[in-house]
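Subject: A structure to look through

Hello,

Here is the structure I promised to hand over.

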Amino acid sequence: MNRAISAIVKKDMREITANKQLLLMIVMVPLVLTLVVPTIFLLSAHFVPEQVDELQPLMRLLPEDVQSMGTEAIMVRLLMDNILPVFFLIIPIMAASVMAASSFVGEKEQNTLETLLYSPLTVRQLFHAKVLASFLFSMLISWISFLLMVLVLGAESFALTGVMLIPGISWLLVLVLLSPAVSLIAITMIVRGSAKAQNVMEAQQKAAFLILPVVFLIAGQFIGAMLINAWILAGLAVVLGLAAWILLKISLRKFSGEMLLGNR
């Protein structure tokens, strides 16, 4: 990695971690999605499994050998293999949106954009550095969230049922392929928007539209319209990975200094 690009990446990392308010906002969403919601789900499955009739349409989509298991075992299987992996499409988008949205517009607000433009990097290299910083940060948040989830939910499941929760192949597809692809698409769009935006809030608005398809995906599972499995995740990873690569190439080609300075 170019030393100048590395310096910008480290600078952005330090700035986001030094801002306690932003850091708290970034941390709260993963904690709720990976610890609070799954814990409630596990407790419900163990103590009041008869109160989950709304999940019956989803349970009927499972293979017959799984449907023959007890209600609690089915719910735990659904949680670990089908529901939680989709949450890890929301986490990188949320984490990346906060950092990516402030990438260039933050430089404008701090009056450091001109200094950045005088660096030995080209405008395209600056764009690459901003995207890379947000991407690494979002992946770091995702992996830390995953490790905490496995440790906490594994301990809770063992205490309640005597069985450890073991991540399946779906998790490998999500964490290694799908989550990075979704994150890169979100970051590229938001960083590009940040170059044109007047403030951070304006740049963050794109993130809301990016999360909507994931929300619909989660809702579709709960109403029994579809069930996410390894094949669907693999297909999505290929399609979104290609889309991320194309979007990044187009954005890099069209990015210019005039775009950065045009709205000042």
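Below is what was found in it, starting with the overall picture and moving on to single residues.

A word on the source: this is a predicted model, in which local features need pLDDT of at least 70 and side-chain atom pairs count only at pLDDT 80 or more, while totals for chains, interfaces and linings use all residues. Residues are numbered from 1 along each chain as its sequence is written, and side-chain values use heavy atoms, with hydrogens and water left out.

**The overall picture**

The protein has 12 helices and zero strands. Both kinds of element are DSSP runs numbered from the N terminus, with helices being H or I of at least four residues and strands being E of at least two. Read from the N terminus, the order is α-α-α-α-α-α-α-α-α-α-α-α.

Of the 264 residues in the protein, 46% are buried. Buried means under 20% relative accessible area, exposed means over 50%, and partly exposed is in between, using a 1.4 Å probe and protein chains only. The protein exposes about 13,000 Å², and carbon and sulfur atoms supply 69% of that area. Accessible areas come from the Shrake-Rupley method with a 1.4 Å probe; for residues, only the protein chains shown count as cover.

A contact here means heavy atoms within 4.5 Å.

**The aromatic rings**

There are four aromatic pairs in the count. Rings of Phe, Tyr and Trp (its six-membered ring) pair if their centres lie within 6.5 Å; planes under 30 degrees apart count as stacked, over 60 as edge-to-face and the rest as tilted.

Why is the pair of Phe-88 and Phe-146 edge-to-face? Their ring centres are 6.2 Å apart and their planes stand at 80°, so the pair falls into that class. Phe-88 lies in helix H5 (residues 71–101) and Phe-146 in helix H8 (residues 123–161), so this pair ties together parts that are 58 residues apart in sequence. Phe-88 counts as buried because its relative accessibility is 0%. Phe-146 is also buried, with a relative accessible area of 10%.

Phe-146 has a further partner: with Trp-171 it forms a tilted aromatic pair, 5.3 Å centre to centre and with 45° between the planes. Since Trp-171 lies in helix H9 (residues 169–196) and Phe-146 in helix H8, the pair ties together parts 25 residues apart in sequence. Trp-171 is buried, as is Phe-146.

**The cavity**

The count gives one cavity of 30 Å³ or more. The search runs on a 1 Å grid over the protein atoms alone, and a cavity is a set of points where a 1.4 Å probe fits but cannot get out; lining residues have an atom within 4 Å of a point. Grid points are joined across faces, edges and corners, and a volume is the space filled by probe spheres set on the points.

The largest cavity holds about 30 Å³ of space. Its lining consists of Leu-42, Glu-72, Val-76, Ser-157, Leu-160 and Thr-161. H5 and H8 are the elements that give two or more residues to this lining, and H8 has the largest share, with three residues.

- Thr-188 is in helix H9 and counts as buried at 0% relative accessibility. Not counting residues up to four places away in sequence, Thr-188 touches Phe-127, Val-131, Leu-247, Leu-248 and Ser-251.
- Ser-142 sits in helix H8 and is buried at 1% relative accessibility. Leaving aside neighbours within four places in sequence, Ser-142 is in contact with Phe-88, Ile-91, Pro-92 and Ser-179.
- Ile-93 belongs to helix H5 and is buried at 2% relative accessibility. The C-alpha atoms of Ile-93 and Ser-183 are separated by 5.5 Å, although these residues are 90 apart along the chain.
- Phe-255 is in the loop between helix H11 (230–254) and helix H12 (257–261), and is buried at 4% relative accessibility. From Phe-255 to Leu-126 is 129 residues in sequence and 9.8 Å in space, C-alpha to C-alpha.

Enjoy exploring!

Best wishes

Conventions
On a 1 Å grid over the protein atoms alone, a cavity is a set of points where a 1.4 Å probe fits but cannot get out, and a pocket is an open set with protein on both sides within 12 Å along at least five of seven lines; lining residues have an atom within 4 Å of a point.
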